[in-house]
Amino acid sequence: MKDRLAEAVKQSRADYTEIRVERTWSSAVVFRGRRLETATVSEDQGGFVRVLNKGYGWGIASFTSLDELPRMVRSANELSRAIRLEEPIRLADVAPQTADALLDLDGDVRGIPLSEKKQLLDRYNGAMLAVSNKIVDTQSSYRDEVSEVWYVNSEGALLYQLRPEVVVSGTAIGRSNGNIEKGLESIGLRKGWRSVQNFEDQFRVVAQRAVDLLSAPRVRGGAYPVILDNELAGVFIHEAFGHLSEADAVYENPQAREMMSLGRRFGKAVLNVGDNGAAKGLRGTLPYDDEGTPTQDTALIKEGMLVGRLHSRETAAKLGERPTGNARAISFRHPPIVRMTNTYIAPGRKGVGFNDLIGDIELGVYACGAFGGQTMLENFSFTAAYGHMIRDGKVAELVKDVVLAGNLFQTLDRIDHIAGDFTWNQMGGGCGKGGQFPLPVTEGAPHVRIEQALIGGDV
Amino acid sequence: MIDPLIAAARGKVENGDALWRREEQTAVGFESGRLKAAGVSEETGLNLRVVAGGRMGVAGTTAAKPDFKALVDRARASAELGEKVELDFPAAATQTLPAIPTFFDRTANASLEDLIRIGKQLVERLSRPDCQINVAIEREVAETAVGNAAGARGAYRATGIAVTADITRIAGDDVLMVYDQYVGADMPSDADIEALVRSVETRLSAALKVVAPPEGALPVVFTPAGLAAVVLPLEQALSGKTVLQGSSPLAGKVGERMFDERLSIVDDPLTPGRPASRPIDDECVPSRCTPLVERGKVGRFVYDLETAARAKTQSTGNGQRGVFGKPHIGYSNVVFRVTDGIGAPGRDGGAQHAAPVHPLGGGLLAGIADGLIVDDLIGVGQGNVISGAFSHPVGLAYRVQRGEVTGRVKDAAVAGNAYDLLKKIGAFGNDGRWLGARWSPSMLLEGVSVARR
């Protein structure tokens, strides 16, 4: 395959040409309630060509038929030459990499019979259903894949990567007297079969929570001191800051660049944030991104100050900074764009725990778990799975519908305490941007306290 | 593709159906007002479902020259683990399929230059010194063929084009994002482009001034875009699958008045000129219009073949399938029909805007002493949607005082329950329009919770 791609690159008449070919083996099992929905094995394959000519724009072609590769290279070149640019697109230098990068398959999912995968999911699904007769419905899914990715460009890069992934998730729906609530467990790993065993307890816990939420009141709307648990703190930093640190949000926009100038203070000195695509064994981990750039640990906020951002080769060249290995595509159907990998809030002082954060809060909210988050850059949402009121320094009653409204400039700066209890939260699902969803990412954080944050609800 | 695949499956399985689809897309992208990228994509996929040993299995492939035998074998292996099911595959049609225009030569034949010209026009019209404008244009030409072992066949071609304009205005630490889209099967007319420009301009100019948000249980006008959070729970609850699983709040309520009696909603795959329209669904069921809500009463739930078989009813022609999964329930065009009011898509059904663009609020502001217009909410779909409860920070919202828009509000969150709010709708706007595959006017809803910092 490498030779075939190298030959196609050589035949290209464009100034710069890159080709990415993927072959993905995957299997999936889905339960709804007690009933199996599907158990399937699939193979998907296709290619992506992107070319650039000096003074012209990007020409792009994606396709499922590899026999068409030479035609698609020509087609991408024609598209590029149809776009005349006054200010040329430049790519920051990256030393061409040549490597076979095989991530640990950790129990190759391709060798496990589909029936065993069905049994595994049946156990997790059954564990949720067995919690209570108030659990009326479940949606459980198991999905694994092993993706082979070849990447070749006209600068001499020649990469072969083997990327495994396995995701197990379950939603339990509880119902009584017209109330409906849900609990969600989701485990996503860039690993294999061995890593997804023995999670029955976690699935039971979320089903029990769906039942408990049936009799919980909605949180009252308003501004509160809020403590985020590790999971929600991770989603928070991804939405609150991660997306704006993606350089394509600012590189063509002078006002945005000014707003996000390096050295600007965004938080108090306790706040340290980064993105690490090279971290070992996480779902967002990749040896090389989809432009062939090695991944790295990139500091974004250091002691409250903006110190870095995430780049593709194009955004790095435009801003005179270095590529960080964050150009990613969800598949051969899409071009690489600037994305996060494993984004984290670094732990606070060792020994600082949850009790140190909650002690002096008279009335507040402990927001836990994550149903999701979304950003419009300055304003963003992060939706907790559930919450507890904090009363007189203690965790009090369960509350539901806890959705936080964040503001980039106010919420980050109101983080006043960060615990030392850091964990990576390897959830399934993923990040969506520019029509590309779900991209595997990981978030990591300790417990985080926000002096004041807005929560929606009746006032 | 369909005939040889069905032939390869014959004798190895009791029954089955298949879908073949080929899609070609052409896209151009303007970033910060500059045309920077153009792309094409070609994709072909084949999806097979079988019933073997009374059990259902599926398999799919994107291979250019699919190995039919291997695909059948994989579907059979999938069926070995599958559930027992008695599917009532539609027989060969005795009547011709409904004739609806889904393919427009103008769209299929539009050149790269034609697409670029539309983009340049938008960039020119919408450029402002303090704003960044991105424009994306995507044109798709698709061919679909479906067939089953009972002899039913269907095939059609379709075109689609989406023109998206989004503007970001950053002033100091204030970030404002305004976005709108034309989506159609036919190319946008000059009037469509004009409507898109004016829609963006109207919302942008009213947003330049930032005012403090109000607080309390207030009247809120949800624009067609802002309505998403309110409509999503209904779409989930009206799915036959949710009903069958026991998690739909509307289960057992057919014929009962659950909503304001002026509200009717249909699923209409026969609207001319819409990209989601089609003569036949992905399971060979001829398309028809399904009343979801009729004058406030729950009408019919939507079904695919499998869910219908389990619920002992008929498919409503809402089977959709991709290359790899099994068919599932999906809506086509969700159309709000306002009884005794202004609305329903005009005779030109497919056009984006039923009329020239309207001022913000759809004529619903007059009686509002203090309230909001909600045009965009953040995080829609991420809460406990099926319960009807929603709570979201505002993405784009305006304060209304004494019947006038006084400015944009930030750092506010709106919350409510769709079922409670839709029981009594304050009024319907005169600004009905398509937004993707949904047609609706603005709606004034009373007593929506607005919280602020």
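This is a predicted model: local features need pLDDT of at least 70, side-chain atom pairs count only at pLDDT 80 or more; totals for chains, interfaces and linings use all residues.
Student: Which residue in the turn has a positive phi?

Tutor: That residue is E303(A), whose phi is about 45 degrees.

Student: With which strand does β9 (residues 273-276) of chain A pair, and in which sense?

Tutor: The partner of β9 is β10 (residues 297-302) of chain A, and the pairing is antiparallel over 4 bridges; within it, N276(A) stands opposite D297(A) in β10(A).

Student: How should I read a sheet in chain B, and which strands are its edges?

Tutor: One reads the order of the strands and then the sense of their pairing. In chain B, 6 strands form an open sheet in the order β10-β9-β8-β13-β20-β19, with mixed pairing. Its edge strands, β10 (297-298) and β19 (433-435) of chain B, each pair on one side only. Inside that order, β13 (residues 334-338) and β20 (residues 438-440) of chain B run parallel and are joined by 2 bridges, and V334(B) stands opposite R438(B) in β20(B).

Student: Which residues of α4(A) are buried, and against what do they pack?

Tutor: The buried residues are F203(A), V206(A), A207(A), R209(A), A210(A) and L213(A). Because they cover an arc of only 155 degrees around the axis, they lie on the same side of α4(A). They pack against several elements of chain A, among them α3 (114-129), β5 (135-153) and β18 (386-391).

Student: How many residues does each chain bring to the contact between A and B?

Tutor: The size of an interface is often given as the accessible area lost when the parts come together. Here we count residues instead: 63 come from chain B and 69 from chain A. On the side of chain B that touches chain A, β2(B) gives the largest share, 11 residues, and that side divides into 23 nonpolar, 25 polar and 15 charged residues. Strand β3 (residues 58-63) of chain A also pairs with β2(B), in the parallel sense over 6 bridges, with S62(A) standing opposite S41(B).

Key
Residues are numbered from 1 along each chain as its sequence is written. Chains are lettered from A and ligands numbered from 1 in the order in which they are written. Two strands pair if DSSP finds at least two bridges between them. Two residues are in contact if their C-beta atoms, placed from the backbone, lie within 7 Å. Ala, Val, Leu, Ile, Met, Phe, Trp, Tyr, Cys and Pro count as nonpolar, Asp, Glu, Lys and Arg as charged, and the others, Gly among them, as polar. A residue is buried if 20 or more other C-beta atoms lie within 10 Å of its own, exposed if 12 or fewer, and partly exposed in between; C-beta atoms are placed from the backbone. The arc is that of the directions from the helix axis to the C-beta atoms.
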